[in-house]
Amino acid sequence: MPYSAILFDLDGTLTDPKLGITRCIQYALSELGYKPPDADELLWCIGPPIKESFSRLLETSDNGLIDQAIALYRRRFSTIGLFENSLYPQIIDILQKIRFAGYQTFVATSKPHIYAKQIIEHFDLSLLFDAVYGSELDGTRTVKGELIQHILITENLTPSTVVMVGDRQHDIIGAKLHNLTAIGVTYGYGTEEELKTHGADLIAHSPEEIKKLLVHSS
């Protein structure tokens with residue numbers, strides 16, 4: 001087996017968080033006195049660090065205003081939004097098969113790890129991962145490359161034996177920065193063009209295709 005560990009992005013890869021993320025962004029903007037866009041106009045916000053998204057939405061680099069928006073977002077997200085979420089079909093089955101094939105599995109998300117752990121527990125996925133990694137509430141490790149480096153060091157993983165699976169360019173950029181193999185998934189919120197442009201080695205159009213790329217006996 002050429003690979004030994006798989007890093008999975010969370011939003012747009014394991015779960016579909018559209019409802020929770022878009023409603024929390026709308027809530028934050030409304031509370032700040034802005035007219036929020038419709039949910040479908042906020043899909044680009046799923047995946048990137050939330051600070052980047054609010055900077056673009058508010059058309060500002062004022063950290064005070066951005067921090068206010070993030071605090072309002074989290075007020076709703078921490079109690080309601082993180083559960084307005086659904087697992088993509090087949091995820092549990094493919095994770096079980098990938099684990100059975102002998103891989104270590106980790107969650108690698110820009111989302112704060114305290115929320116990521118709650119989501120993984122909510123969907124009863126805890127036993128299917130060796131560990132859940134995310135950012136800190138102060139913004140540390142929201143950049144996927146920094147997060148991946150932290151995981152590689154903490155878990156003592158050899159980059160050439162690790163695969164990153166994700167749906168946005170941030171996942172691919174972070175993976176290639178550390179010489180990981182990158183599988184881009186198109187059923188989330190990134191396009192095949194976006195993923196390939198940033199160097200995805202392989203493309204999966206469904207969770208089942210991730211398994212087929214990794215578990216060759218299937």
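Analyst: The model is a predicted one, in which local features need pLDDT of at least 70 and side-chain atom pairs count only at pLDDT 80 or more, while totals for chains, interfaces and linings use all residues. Residues are numbered from 1 along each chain as its sequence is written, and side-chain values use heavy atoms, with hydrogens and water left out.

User: What makes Cys-24 and Cys-45 buried or exposed?

Analyst: Buried means under 20% relative accessible area, exposed over 50%, and partly exposed in between, using a 1.4 Å probe and protein chains only. Cys-24 has a value of 0% and is therefore buried, and Cys-45, at 2%, is buried as well.

User: Why is the pair of Phe-8 and Phe-129 called edge-to-face?

Analyst: Rings of Phe, Tyr and Trp (its six-membered ring) pair if their centres lie within 6.5 Å, and planes under 30 degrees apart count as stacked, over 60 as edge-to-face and the rest as tilted. The centres of Phe-8 and Phe-129 are 6.2 Å apart and their planes make 80°, so the pair is edge-to-face. Phe-8 is buried at 0%, and Phe-129 is buried at 6%.

User: How do you know that a charge sits over the ring of Trp-44?

Analyst: The criterion asks for NZ of Lys or CZ of Arg within 6 Å of the ring centre and within 35 degrees of the ring normal. The charged end of Arg-56 is 3.9 Å from the centre of the Trp-44 ring and is listed as sitting over that ring.

User: What makes β5 and β8 edge strands?

Analyst: Two strands pair if DSSP finds at least two bridges between them, and β5 (131-135) and β8 (202-204) each pair on one side only. The open sheet has 6 parallel strands in the order β5-β4-β1-β6-β7-β8. Strand β7 (residues 181-185) and β8 meet the pairing criterion, because they share 3 bridges in the parallel sense.

Definitions and conventions. Helix = DSSP H or I, 4+ residues; strand = E, 2+ residues; numbered from the N terminus.
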